[in-house]
Structures are given as structure tokens and as C-alpha cells.
Amino acid sequence: MHGPHDAVLRAPPSGHAGRADPPSWYVAGRDHVWLPYAQMKTAAAPLPVVATQGSRLRLAEGRELVDGVASWWTACHGYNHPHIAISVARQLEALPHVMLGGLVHEQAARLAARLAALLPGDLGRVFFSDSGSVAVEVAMKMAVQYWINHGFRGRTKFVAFRGGYHGDTTATMAVCDPDDGMHRLFKGLLPEHVITDLPRDEETTAALDGLLAGRADEIAGILVEPLVQGAGGMLFHDAAVLQRLRVLADRHETLLIFDEVFTGFGRTGAMFACEGAGVVPDIVTLGKALSGGTLPLAATIASEKIFAAFWSDDPMHALMHGPTFMGNALGCAAANASLDLFEREPRLDQVKAIAARLADGLASCRGLPHVVDVRVRGAIGVVELDAIDIPALKARFVEEGVYVRPFGRIVYLTPAFTIGEEDLARLTGAIVRVLSET
């Protein structure tokens with residue numbers, strides 16, 4: 001489970017850690033940076049990071065933390081992998097960016113062809129963007145225009161699922177869980193879609209079947225995070241759920257969209273969750289680990305059936321969307337280098353090993369007070385509690401020398417696939433110790 005770049009960062013001089021003043025850049029900027037998902041008045045001060053390596057974060061004061069969340073699940077190869085760094089540096093010297101409006105460059109062309117070859121079925125038409133939220137929004141726009149181009153203007157609603165999260169832009173907020181999700185404050189601004197239960201059994205499958213039958217003329221597509229609903233609480237479901245969705249989408253002649261921004265690139269154990277489930281959607285979205293956690297990049301990949309609806313002599317049938325930095329050459333170079341690593345290094349075997357060690361390391365949490373569930377899938381380990389003091393837990397984890405970021409009612413790990421056994425044991429051990437105190 002070790003990679004060639006897993007060397008531990010050099011320790012600071014003895015007695016220095018924890019005693020240095022904050023760096024000048026931190027002092028100058030701390031009252032101006034607006035942090036994500038944080039109540040700025042009461043949130044703990046952010047930790048100043050000055051270097052990364054493998055699965056480690058170096059703080060300005062000299063301490064090192066083992067990163068248990070890989071920067072929101074993106075750094076699948078660990079930080080500072082030399083192959084990605086060299087690839088980006090070479091691209092920076094040759095061509096950092098040209099717009100894809102009327103132009104194209106090698107890195108985008110190569111990456112599109114490689115993604116098409118990796119994904120199942122005929123998912124082969126790649127539209128690049130800058131973030132997962134935008135990739136999902138593009139998928140929604142594709143689905144609605146697919147029907148418009150076929151002469152159906154009323155199919156503008158989406159079926160999405162309780163526990164789901166698809167992004168923070170206006171369109172994607174509208175397909176997140178409206179009750180338990182973080183965007184319930186915006187009710188009234190957001191268009192209303194159909195949020196229902198995943199078809200986990202006969203009852204919920206029949207309910208969804210009836211819903212689609214009754215509203216087929218207004219539904220553009222079904223949108224789901226396959227196998228794991230990530231930011232909604234790391235909620236798992238099995239392949240049978242996705243197989244039922246494929247059957248229902250075909251039965252009611254609607255589109256099936258898989259949001260693989262979180263699950264793509266090995267996180268659940270297969271390269272893509274759709275591949276692991278044996279289901280081919282009509283559209284799939286990718287992001288996060290696409291560039292190996294180095295640069296913003298996302299993609300929306302459509303099947304030939306979807307693309308055919310836009311192939312026309314009518315200019316109004318074109319997809320009128322174009323992020324300025326879509327297909328950015330540096331991001332695409334990083335993504336191509338990341339795919340090289342999946343080909344050359346045993347990433348999926350590493351995920352399998354991580355899954356076993358997460359299951360073993362977190363097993364003793366099951367007997368602790370307040371623990372509701374412990375679950376593992378691929379390189380995702382989750383401890384769910386009945387209540388949680390997030391600020392206190394965050395502080396305790398830092399004291400233990402790890403960076404773990406609980407949310408909702410869960411403490412979770414999504415480490416780099418290259419994490420060493422000792423660092424992974426340090427993460428799971430810290431969770432067991434800290435939760436044993438609560």
C-alpha cells in the first residue's frame with residue numbers, strides 16, 4: 001500500500017512544533033477568506049497547511065497530520081505524486097490553456113478518448129467543465145434539451161432521491177434532498193423536482209413505477225449517485241437498486257443519469273460504480289478524483305443515443321454551454337497522468353486492501369455508545385452516530401495527529417489509495433479512541 005512518493009515530510013527542529021507564530025500570509029488573509037460550509041463567526045480557525053506529501057499534511061507550526069479524507073476524496077494517488085507533477089509542469093511550458101471554442105489541444109482529445117474507452121457501453125461523448133456541480137448541471141441541461149430536440153418541451157423535471165447530494169449551484173441544489181440536505185433554506189428559489197425513495201424493495205420500486213407512469217410526460221430523467229450517496233451521509237445501496245432504475249427508465253422512456261463525481265475512479269472498488277453494478281446509464285458525470293486531486297476538472301459523458309439528438313443541421317439543436325476553462329490543458333494533463341497511474345500501479349488492489357483494513361480497524365466502534373452503524377465499501381469507511389458534536393470531534397482528531405472531518409451524524413474516512421498501513425491504522429485507531437471518549 002505504499003507508493004514511491006510516500007516519504008514522510010521532514011520533521012521540524014526539536015521543540016519548535018506548536019510554538020511558532022502564524023505565518024504572515026495567514027495573518028493577512030484570515031479576515032478575508034470566506035470558508036466553505038462554515039459559520040464564520042463561530043467556526044474554529046482553519047489550519048494553515050504549508051506542504052503535502054503522500055497522505056500527510058504539514059502545518060505551518062511544524063506538526064504533521066495524516067489526512068483521512070484526501071481533500072474531499074480527490075487525492076486518490078496521494079499528494080505530490082511525481083508523475084502528475086511532471087506532466088503538469090511539461091504542459092505548463094508548452095500550452096497552459098486555449099479555449100475549446102473552435103480550438104482543441106492534445107490533452108483534451110486524449111483524455112476524452114481514454115474516458116470513452118474506460119466507461120461501459122457507448123458512453124463516448126465527453127463534455128468538459130470545471131467542477132462536479134457544473135458537470136451535473138450540464139447533464140440536466142443535456143437531458144432537457146434531448147427532449148426539446150425531439151419535440152417535447154414539457155419534460156423539464158427530474159426524479160432524484162432522498163439522501164442525495166448533487167452540488168451547490170442553483171440547478172443542482174434543486175435535486176438534492178430538500179428536507180435533510182444543506183440547501184433547504186433556498187426553498188422558493190429552487191425549481192421543484194420529484195424527490196422520492198430509492199427503489200430498495202418491492203414497495204418502493206412499485207411506488208417509483210407508479211410515479212413515473214403518472215408523470216412520464218414531464219420527467220426528463222432520473223438522477224442518482226450510484227452505490228453511495230456521498231455528501232448526504234455516505235449512504236450505501238446495492239447494485240440491484242441501479243438495475244431497477246435502468247428497467248424503470250427504459251419502461252417509461254426516460255433518461256438515467258449517474259452522478260459519479262464521488263464514486264468514480266475506484267472509490268467503491270471498481271473503476272466506476274456503474275461498471276461495478278453492471279448498469280450503463282445514458283449520461284454519467286465525473287469530477288473530484290478525475291485530475292488526481294490536483295486541478296479543477298469535471299466531465300459529463302453522454303451515450304451515442306443522447307448525442308444523436310444534438311447532431312443536426314439546425315444550429316438551435318447544439319448544446320449551448322461553454323465554461324471558459326472547459327478542457328483546461330493543465331487539468332487534462334493531470335487527468336491523463338492520473339489515468340496512467342491507474343494503468344501502471346495497482347490502485348484497485350490497494351482499494352481492496354484498504355476496505356479490509358477499514359473493516360477491521362473500525363469494527364470495535366460497533367460496541368460503543370451512540371454508534372448506530374459501521375459500514376465499509378471500497379475505500380470508504382463510515383461510523384454513524386445518533387448524535388455528534390462536530391467541533392469537539394474535529395479538535396480531538398487534530399490532537400490525535402489526524403485530519404478527519406465529520407459531518408451530519410457520521411465520522412468517515414476516504415483516504416488516498418496509496419496510504420501506508422501505519423497511517424491507515426493511525427486513522428482508524430484515532431476514531432476508535434476519540435469515539436470511545438464521547
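## About the model

Residues are numbered from 1 along each chain as its sequence is written, and side-chain values use heavy atoms, with hydrogens and water left out. As this is a predicted model, local features need pLDDT of at least 70 and side-chain atom pairs count only at pLDDT 80 or more, while totals for chains, interfaces and linings use all residues.

Let us start with an annotated residue. An unreviewed UniProt entry places the feature "modified residue: N6-(pyridoxal phosphate)lysine" at Lys-288; UniProt positions follow the numbering used here, feature names are shortened, and annotations may be inferred rather than shown by experiment. Lys-288 sits in the loop that runs between strand E11 (283-286) and strand E12 (298-303). Helices (H or I, at least four residues) and strands (E, at least two) are DSSP runs, numbered from the N terminus.

With a relative accessibility of 28%, Lys-288 counts as partly exposed; buried means under 20% relative accessible area, exposed over 50%, and partly exposed in between (1.4 Å probe, protein chains only). Setting aside neighbours within four places in sequence, Lys-288 is in contact (heavy atoms within 4.5 Å) with Trp-72, Trp-73, Thr-74, Val-261, Phe-262, Gly-293 and Leu-297.

The domain assignment of the protein chain gives domain 1 (82-344) and domain 2 (346-437), with bounds that come from an automatic or database domain assignment. Taken over C-alpha atoms, the centres of domain 1 and domain 2 are 28 Å apart. Across the interface, 21 residues of domain 1 are in contact with 17 residues of domain 2.

Between them, domain 1 and domain 2 bury about 1500 Å², with 67% of it on carbon and sulfur atoms. Buried area here is the accessible area (1.4 Å probe) that two parts lose on being put together, summed over both. In domain 1, the residues that lose the most area to domain 2 are Met-234, Phe-236 and Arg-267, together 47% of what that side buries.

What is the count of salt bridges between domain 1 and domain 2? The count is zero, where a salt bridge is a side-chain nitrogen of Lys or Arg within 4 Å of a carboxyl oxygen of Asp or Glu. Seven residue pairs, both at pLDDT 80 or more, are in polar contact between domain 1 and domain 2. A polar contact is a pair of N or O atoms within 3.5 Å; within protein, one must be able to donate a hydrogen and the other to accept it, and residues adjacent in sequence count only if both atoms are side-chain atoms. On the side of domain 1 that touches domain 2, strand E9 (235-236) and helix H11 (329-344) each supply at least two residues. H11 gives the largest share of that side, three residues.

## A buried arginine

Arg-347 belongs to helix H12 (residues 347-362) and is buried, at a relative accessible area of 1%. Its side chain makes a polar contact of 2.8 Å with the side chain of His-77, and another of 2.8 Å with that of Gln-350.

## Positive phi angles

Most residues other than glycine have a negative phi. Trp-72, in helix H2 (residues 70-73), has a positive phi near 55 degrees and is partly exposed at 33% relative accessible area. Glu-253 has a positive phi near 50 degrees and lies in the loop between helix H8 (239-251) and strand E10 (255-259). With a relative accessible area of 58%, Glu-253 is exposed.
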